[in-house]
Amino acid sequence: MESQELRECLSHNIKKYRKRKGWSQFQLAETAEISEQTVNSIEGLRLWPSDKTLSKISNALEVEMYKLFVPQNFDLHSKSIAELKHAVVKTVESLIHDTLQDWEDQ
């Protein structure tokens, strides 16, 4: 999974779980104790959230954090949770590596 795909997946899933609760971006922000602009920027693919912000969002949405990274077409029923968690960790590690590499190249 590429960096942009991971961002799109996160954005899609936050929107999906937020809408399941019937919440606006403001309601999610208020419940998660973050700014509405932060929610808007994450959903709009303009901001990569910190681990603290991700934790606040997943807690507010009452979903395990890894579920925010599950691709739309991923069949949860055919994969074990351990396999899914491993795939998410590898993807996030790759994203971090690529970001650090980009900074070093500048």
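Trainee: Which residues gather in a patch of negative charge on the surface?
Mentor: Before the answer, two notes on the source. This is a predicted model, in which local features need pLDDT of at least 70, side-chain atom pairs count only at pLDDT 80 or more, and totals for chains, interfaces and linings use all residues. Residues are numbered from 1 along each chain as its sequence is written, and side-chain values use heavy atoms, with hydrogens and water left out.
Mentor: A patch is built from residues with over 30% relative accessible area and no salt bridge; like charges are joined within 9 Å, and nonpolar side chains (Val, Leu, Ile, Met, Phe, Trp, Tyr) within 5 Å. Lys and Arg count as positive, Asp and Glu as negative, while His and the chain ends are not counted. Each charge is placed at NZ of Lys, CZ of Arg, CG of Asp or CD of Glu. Here the negative patch consists of Glu-2, Glu-5, Glu-8, Asp-98, Asp-102, Glu-104 and Asp-105.

Trainee: Which helices supply at least two residues each to the negative patch?
Mentor: Helices are DSSP runs (H or I, at least four residues), as strands are (E, at least two), numbered from the N terminus. The two suppliers are H1 (3–20) and H5 (81–105), and H5 gives the most, with four residues.

Trainee: Is Glu-104 buried or exposed?
Mentor: Read the relative accessible area: buried means under 20%, exposed over 50%, and partly exposed in between (1.4 Å probe, protein chains only). The areas come from the Shrake-Rupley method with a 1.4 Å probe, and for residues only the protein chains shown count as cover. Glu-104, found in helix H5, has a value of 61% and is therefore exposed. Glu-8 sits in helix H1 and is partly exposed because its relative accessibility is 40%.

Trainee: Which residues form a nonpolar patch on the surface?
Mentor: They are Ile-96, Leu-100 and Trp-103, which together have about 340 Å² of accessible area. Ile-96 is part of helix H5 and, at 47% relative accessibility, counts as partly exposed.

Trainee: How many salt bridges does a search of the whole structure find?
Mentor: The rule is a side-chain nitrogen of Lys or Arg within 4 Å of a carboxyl oxygen of Asp or Glu. The search finds two. In one of them, Arg-18 pairs with Glu-43, and the closest N and O atoms are 2.8 Å apart. This pair links distant parts of the chain, with Arg-18 in helix H1 and Glu-43 in helix H3 (residues 36–43), 25 residues apart. Both Arg-18 and Glu-43 are buried.
Mentor: Glu-62 also forms a salt bridge, with Lys-21, where the closest N and O atoms are 2.7 Å apart. That pair joins distant parts of the chain too: Glu-62 is in the loop between helix H4 (51–61) and H5, and Lys-21 in the loop between H1 and H2, 41 residues apart. Glu-62 counts as exposed because its relative accessibility is 65%, whereas Lys-21, at 31%, is partly exposed.

Trainee: What phi does Glu-62 have?
Mentor: A positive one, about 60°, although Glu-62 is not a glycine. Leu-45 is not a glycine either, and its phi is positive at about 65°. Leu-45 belongs to the loop between H3 and H4, and its relative accessible area of 31% makes Leu-45 partly exposed.

Trainee: Is Ile-57 buried or exposed?
Mentor: Ile-57, in helix H4, is buried because its relative accessibility is 1%. Ile-57 and Ile-34 are 23 residues apart in sequence, and their C-alpha atoms are 8.5 Å apart in space. Val-39 in helix H3 is buried as well, at 2% relative accessibility.
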